Amino acid sequence: MKAVVFGGTAGIGRAVAQRLAARGDLVFLLGYDEASLARSAADLMARHPQQARVQWALCDMESPSGFAAALDAADVALGNFDAAIVTAAMFATQAELEADVELTRRLTTVNFANTVTFCEHARKRLLTHGGGWLTVVSSVAGDRGRKPVAIYGASKSGVSTYLEALDHKFRAAGLWVLCVKPGFVKTAMTANLKVPPFAGQPDAVARDIVSAMDRKRPLIYTPGIWRLVMLVIKHLPRFVMRKIEF
Ligand SMILES: NC(=O)c1ccc[n+]([C@@H]2O[C@H](COP(=O)([O-])OP(=O)(O)OC[C@H]3O[C@@H](n4cnc5c(N)ncnc54)[C@H](OP(=O)(O)O)[C@@H]3O)[C@@H](O)[C@H]2O)c1
């Protein structure tokens with residue numbers, strides 16, 4: 001693969017970039033912090049000396065005007081990328097979001113509108129190149145309206161619906177769309193949260209993501225147990241959802 005990883009400087013995205021580089025795939029990093037990008041690229045090259053020079057470009061999920069130029073830079077560096085992997089997103093607790101309407105606007109814009117906008121830029125390029133992978137990390141939080149993730153979950157629900165439709169529409173043209181639904185994963189994003197049962201590690205989640213890309217799967221839950229957890233949650237009646245705090 002010749003993969004653009006948007007969010008490859010930390011957590012799940014970093015683990016995916018490491019896994020791809022380890023097996024010889026080419027990686028190009030996108031992110032919004034220059035020092036973090038330079039550090040991550042140097043780390044990839046140090047751990048995987050067989051990897052060609054890892055290049056990167058600045059790209060802020062809050063600034064869609066920069067998406068096209070960042071992807072153009074990736075195209076030039078990789079010689080037309082054939083995989084775009086998006087892990088960059090915002091998280092805030094429900095309490096933080098309810099207390100700050102501007103934070104709600106920013107998070108829903110980044111996680112839904114700007115993520116879809118970035119994917120549209122990537123989708124057009126991938127289809128022009130003859131197809132490839134569009135992999136986006138959504139969340140189990142989008143599967144059902146739930147009290148603790150009412151706003152964050154809604155932003156992820158929109159992304160999941162968009163990705164499902166893309167798969168329906170463009171698979172025949174050679175676009176392999178993968179919607180990733182992690183449960184709780186121990187990363188910087190969740191560092192201040194209480195760890196629930198079935199918490200996953202970024203490396204294991206990255207292994208599941210790369211394996212699903214190889215098998216051209218449209219949807220995965222990771223860790224896999226979350227498919228069962230959410231199956232139950234999706235079937236709970238509303239009067240139960242109103243009572244529980246999950
Ligand atoms: N962790 C979980 O339990 C969990 C569960 C379900 C879904 N997810 C989803 O998984 C994805 C990855 O999360 P993670 O847990 O790996 O989080 P993370 O470790 O905090 O990594 C988030 C990445 O996004 C980047 N980023 C944040 N805001 C950005 C912006 N405005 N522009 C560009 N890049 C930005 C960060 O860059 P810097 O490192 O430079 O800040 C970092 O590379 C997210 O979509 C998240 O919603 C996570």
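Mentor: Let us take the words one at a time. This is a predicted model, in which local features need pLDDT of at least 70, side-chain atom pairs count only at pLDDT 80 or more, and totals for chains, interfaces and linings use all residues. Residues are numbered from 1 along each chain as its sequence is written.

Trainee: Why is Glu34 called exposed?

Mentor: Glu34 has 10 other C-beta atoms within 10 Å.

Trainee: What makes strand β2 largely enclosed by the rest of the structure?

Mentor: Six of the six residues of β2 (residues 26-31) are buried, so the strand is largely enclosed. Both faces are covered: Leu26, Phe28 and Leu30 on one side, Val27, Leu29 and Gly31 on the other.

Trainee: How do you know that β2 pairs with strand β1?

Mentor: Two strands pair if DSSP finds at least two bridges between them. Strand β1 (residues 2-6) and β2 have five bridges, in the parallel sense. In one of them, Phe6 has Leu30 of β2 as its partner. The chain crosses from β1 through helix α1 (residues 11-22) to β2, and this β-α-β crossover is right-handed: with the strands pointing away from the viewer, the path from the first strand over the helix to the second runs clockwise.

Trainee: Which strand does β2 pair with over four bridges?

Mentor: That is strand β3 (residues 55-58), again in the parallel sense. Gly31 stands opposite Leu58 there.

Trainee: Why are helices α5 and α6 called roughly parallel?

Mentor: The axes of α5 (residues 101-128) and α6 (residues 150-170) come within 8 Å and cross at roughly 15°. Axes are lines fitted to C-alpha atoms, for helices over the stretch in contact, and angles run from 0 to 180 degrees between N-to-C directions. Angles under 35 degrees count as roughly parallel, over 145 as roughly antiparallel, 65 to 115 as roughly perpendicular and the rest as oblique. That makes α5 roughly parallel to α6.

Trainee: What makes β3 and β7 edge strands?

Mentor: Seven strands form an open sheet in the order β3-β2-β1-β4-β5-β6-β7. Both β3 and β7 (219-222) pair on one side only.

Note on methods
Buried ≥ 20, exposed ≤ 12 C-beta atoms within 10 Å, placed from the backbone. Helix = DSSP H or I, 4+ residues; strand = E, 2+ residues; numbered from the N terminus.
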